[in-house]
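Please open the model in a viewer and follow the stops below in order.

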Amino acid sequence: MMSEDFTDKIVLITGSSRGIGTAIARKFAGAGADIVLNYRKAGGSSQAQAEKLRDEILAMGRRALLVQADIASYESVKGLFRQTADAFGRLDALVLNAAKAPFKPIERLLERDLRALVDVNYLGNIFCIKEALPLLEKSRGSIVFISSLGSRFYNPAYPLGSMKAAMESVVRDCAETLSEKGISVNAVCGGIVKTDSFKVLRQYWEEIDHLPEKFFVEPDEIADTVLFLCGASSRGIRGQTVVVDRGLGNSLYRSKKK
Ligand SMILES: NC(=O)c1ccc[n+]([C@@H]2O[C@H](COP(=O)([O-])OP(=O)(O)OC[C@H]3O[C@@H](n4cnc5c(N)ncnc54)[C@H](OP(=O)(O)O)[C@@H]3O)[C@@H](O)[C@H]2O)c1
């Protein structure tokens with residue numbers, strides 16, 4: 001199958017300074033797109049990695065804009081989309097990838113943990129959708145949300161799963177309400193990927209070390225599906241969550257403790 005060409009398309013990926021977001025940004029740039037990169041934490045390793053990625057994309061001959069913005073803040077999100085409009089004047093795809101949550105059972109979350117959980121992982125995504133709309137409407141563009149298996153299965157100490165489930169519902173809702181504007185809305189539900197957040201997950205889920213290597217998903221495998229959902233070949237798919245988990249969710253796999 002020929003890969004999609006995104007030449008002259010503008011793609012914004014939230015939380016693209018590392019992990020899966022970086023893989024998605026690289027993949028779109030490789031397919032010809034100009035990229036808006038976003039990260040949250042100024043002055044640290046996240047910013048340094050985002051700057052390196054921006055330079056890598058520029059060296060590929062694409063345009064790249066790097067914006068520090070915390071999606072939990074509506075003002076910050078407004079600034080992210082204002083800068084995107086000023087720099088490129090258009091937006092063809094929005095990838096809702098940023099996420100952050102404490103690894104704790106829900107009943108042990110403090111009030112501030114609970115509010116941050118909702119602010120970043122639910123409201124933050126909706127702020128982005130709202131602010132992207134005027135641009136996406138003009139381009140009849142796409143929105144892809146990055147979900148996880150926690151939306152449908154129990155994962156130890158993973159309250160983020162409840163927000164992923166809520167967002168999959170938002171995806172179904174927006175796919176209907178935005179279809180008349182020509183905007184496609186779908187999600188990719190990733191299996192387990194060895195990113196920085198996985199290092200933390202391991203501390204709370206010791207059985208994960210016994211998971212056969214064949215079940216670990218590469219960031220690139222998620223990125224390929226995101227590109228597919230933003231391209232013309234997926235024109236018949238609306239409001240769906242595509243699971244990319246190498247069959248883990250289908251396998252009834254039970255870990256063997258040592
Ligand atoms: N890793 C997995 O096994 C897995 C599996 C399925 C789905 N997913 C999902 O895939 C996405 C990426 O996961 P990952 O493992 O690559 O994550 P990660 O390594 O923890 O990276 C998260 C990214 O999101 C950014 N971010 C966090 N909070 C933000 C905020 N409030 N505003 C803007 N950016 C923010 C981070 O920037 P800073 O560093 O500056 O905070 C970073 O760039 C997430 O939605 C995650 O739930 C992950």
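**First stop: the largest pocket**

Select Arg-18, Ala-99, Lys-100, Thr-195 and Ser-197, which lie nearest the centre of the largest pocket, among 47 lining residues. A pocket here is an open set of points on a 1 Å grid over the protein atoms alone, where a 1.4 Å probe fits, with protein on both sides within 12 Å along at least five of seven lines; lining residues have an atom within 4 Å of a point. The volume of the largest pocket is about 1200 Å³, taken as the space filled by probe spheres set on points joined across faces, edges and corners.

This is a predicted model, in which local features need pLDDT of at least 70 and side-chain atom pairs count only at pLDDT 80 or more, while totals for chains, interfaces and linings use all residues. Residues are numbered from 1 along each chain as its sequence is written, and side-chain values use heavy atoms, leaving out hydrogens and water.

Next, colour α1 (19–30), β2 (34–39), α2 (45–59), β5 (142–148), α5 (160–177) and α6 (196–204), the elements that each give two or more residues to this lining. Helices (H or I, at least four residues) and strands (E, at least two) are DSSP runs numbered from the N terminus. The largest share, five residues, comes from α6. By class, the lining has 22 nonpolar, 18 polar (Gly among them) and seven charged residues (Asp, Glu, Lys and Arg).

**Second stop: the cysteines**

Now select Cys-128, which is buried (under 20% relative accessible area) at 0%. Its sulfur is 12 Å from the closest cysteine sulfur, in Cys-174, too far for a bond. Move on to Cys-230, where the nearest cysteine sulfur, that of Cys-128, is 15 Å away. Cys-230 is also buried, at 12%. With a disulfide defined as two cysteine sulfur atoms within 2.5 Å, the count is zero.

Terms used:
Buried < 20%, exposed > 50% of the residue type's maximum accessible area, 1.4 Å probe, protein only.
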